[in-house]
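The following note sets out points for a colleague who is examining this model.

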Amino acid sequence: MDFTVDAEFQKKLDWMKDFVENKVRPLEFIYDYDKDAAYDIENKPLRKVIKRLQQEVKDNGMWAAHLPEHLGGSGCGAVKLTYMNEMFGTSAFGPVVFGCQGPDTGNSEILAMFGTEEQKAQYLQPLLDGDIFSTFAMTEPQGGSDPTNLRCVAVRDGDDWVITGDKWFASNANHASFMIVMAATDPTAPPHSRATMFIVPTDAPGFEIVRNIGFWTDSPNSGGHPWIRFNGVRVPDSARLGPVGEGFKVAQSRLGGGRLHHAQRTIGLVKHLIDMMAERAVSRMSGGEPIGNKQAVQAMIAESYIEYMQFRLLVLYTAWMFDQQQEHGREGRKMISAIKAAMAKIAQDVTIRAVHLHGSHGLSNIMHFGEYLAVALHEGAADGVTELHLGAVAKQVLRDYNPREGSNLPSETTFLKKAWAEKQLKPILDELGLTFDDGRADIEKNLPVEKYNLKPVSA
Ligand SMILES: Cc1cc2nc3c(=O)[nH]c(=O)nc-3n(C[C@H](O)[C@H](O)[C@H](O)COP(=O)(O)OP(=O)(O)OC[C@H]3O[C@@H](n4cnc5c(N)ncnc54)[C@H](O)[C@@H]3O)c2cc1C
């Protein structure tokens, strides 16, 4: 495993660091960390500024780095993408300026994989060019964690499909040109064959935004995660993305990349919080010394740093697996769930420590911790709740183990292991003409098989 980058790419990263810090991040402050602002297609002056910045990214060969070159990206691979995405830790504008914002990243991947030539020309190309935004609508108001229970249905009517039902937290639907919608097409089929994907333009008759929804930090009816409704929206069969009944397969193929990208950005969020904590620790005085001299504060900074380094390596390892095309295998799926669960925990823990270290500043509305905390907490919910990902990791780990047969004593029980150990070492002792006859090495020569209801341990 090699996480280093070549000198040429390092130069690009150096350019990017300066560009993000000095030209992209200022937009966050102008727009008060409003995550929705980056997607606001009605804000013409802002769109012009973004277009101008996007051109600089394209000129530097870093546009849409998550996609291979034949799909219009710069195709740098997942490890290198980690070093890029981690620069967007606190930035909603960063991914938009670099053409790698969710949910468009995942949508472009499934359009490339499952789309017809017409669908690619109509939707994928303008998406790749950064001219439009899109939405992925799977979650429903009655529950998101169990997508086998979809109530939004698509019913076949001649050459058309008629879609009826609600979706929830459909990110960017208020700015999108089209949505990829997962609807139940056969509620009686086995759970994972019930749904199909459709591409629905947002100007389709019968499509409605019930209301806009955001984080706590957004004012009412703003945000970027609307509750949407399909009132008998009619689309032709040519709007179907992938085969009938294979909506889950299509959805699964986009989720892995999206989770990795989130984890990569979380590295940056955590690093930014550690930088803020460190500045505070060496600047804020208490009892005649910087608070960074206090052991309790040092522990907060050290624990955050250690967790950050562990998490960064975990994400780099997972990215390396993507580069080996192993993300759809068992180990790949396990690692994607592992980073998904880990990112929520580290983001939440470090954000809370950073708020605490900043005292009243931390809780005030002259800092942006509210937005950071919302982002950190959302990581435990969006793209599958933490409980589901922990369950997925445990399931994959446990698949490598068999139940112990023949005894209800753990296989590491000392007196069982000692008998086994003696057997293992006997050939060497025989060769050397020795015995372990020193008292410490005594073993229970004749295991009381009947008493313990045991089978003797085999070598
Ligand atoms: C900022 C943001 C953006 C989003 N963007 C999109 C988007 O673009 N498109 C989209 O389709 N969806 C989107 N979502 C929705 C997201 O996918 C759902 O929030 C998520 O799937 C969880 O569903 P839920 O919110 O209905 O929570 P619920 O399913 O109601 O879960 C609530 C809680 O119940 C418990 N729980 C539920 N099921 C289990 C289980 N099986 N085992 C153990 N505990 C369980 C957990 O504690 C969980 O946190 C977004 C969400 C957020 C917050």
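Which residues does Val-181 touch, not counting residues up to four places away in sequence?

1. The model is predicted, and the comments below should be read accordingly. In it, Val-181 touches Ala-137, Ile-163, Lys-167, Phe-198 and Val-200, with residues up to four places away in sequence left out of the count. Val-181 is also named, together with Ala-137, Ile-163, Met-179, Ala-183, Phe-198 and Val-200, among the residues with the most contacts inside the largest nonpolar core, which has 101 residues. Helix H9 (residues 330-357) gives the largest share of this core, namely 14 residues.

2. As to the overall make-up, the protein chain has 14 helices and 10 strands. Its C-alpha atoms fill a box of roughly 85 × 70 × 45 Å along the principal axes. Of its 459 residues, 38% count as buried. Among contacts between residues at least 6 apart in sequence, 72% join residues at least 24 apart.

3. The chain is divided into domain 1 (7-115), domain 2 (134-241), domain 3 (248-399) and domain 4 (414-456). The centres of domain 2 and domain 3, taken over C-alpha atoms, are separated by 30 Å. To the contact between them, domain 2 gives 10 residues and domain 3 gives eight residues. The side of domain 2 that touches domain 3 consists of seven nonpolar and three polar residues, with no charged residues.

4. UniProt, in an unreviewed entry, places "domain: Acyl-CoA oxidase/dehydrogenase middle" at residues 135-211. Over residues 135-211 the chain is 0% helix and 45% strand, with the end C-alpha atoms 15 Å apart. The UniProt annotation "domain: Acyl-CoA dehydrogenase/oxidase C-terminal", likewise from an unreviewed entry, covers residues 245-398. Over residues 245-398 the chain is 79% helix and 3% strand, and the end C-alpha atoms are 30 Å apart.

5. The loop between helix H4 (93-98) and helix H5 (104-114) contains Gln-101. Is Gln-101 buried or exposed? Gln-101 counts as buried because it has 22 C-beta neighbours inside 10 Å, the threshold being 20 or more. Gln-101 touches Pro-95 and Val-96, again without residues up to four places away in sequence. Its C-alpha atom is separated by 9.4 Å from that of Gly-258, which is 157 residues away along the chain. Pro-103 is found in the loop between H4 and H5 as well, and the peptide bond from Gly-102 to Pro-103 is cis, with omega near -5°.

6. Asp-32 has a positive phi of about 50° and lies in the loop between helix H1 (7-30) and helix H2 (44-59). Asp-32 is exposed, with 11 other C-beta atoms within 10 Å. Phe-169 also has a positive phi of about 50°, and is found in the loop between strand E3 (160-167) and strand E4 (178-184). Phe-169, however, is buried, with 21 other C-beta atoms within 10 Å.

Definitions and conventions
Residues numbered from 1 in each chain as written. Predicted model: local features only at pLDDT ≥ 70, side-chain atom pairs only at ≥ 80, totals over all residues. Domains from an automatic or database assignment. Contact = placed C-beta atoms within 7 Å. Nonpolar A, V, L, I, M, F, W, Y, C, P; charged D, E, K, R; others polar. Helix = DSSP H or I, 4+ residues; strand = E, 2+ residues; numbered from the N terminus. Buried ≥ 20, exposed ≤ 12 C-beta atoms within 10 Å, placed from the backbone. Core = buried A, V, L, I, M, F, W, Y, C linked by C-beta atoms within 7 Å. UniProt positions renumbered as here; feature names shortened; annotations may be inferred.
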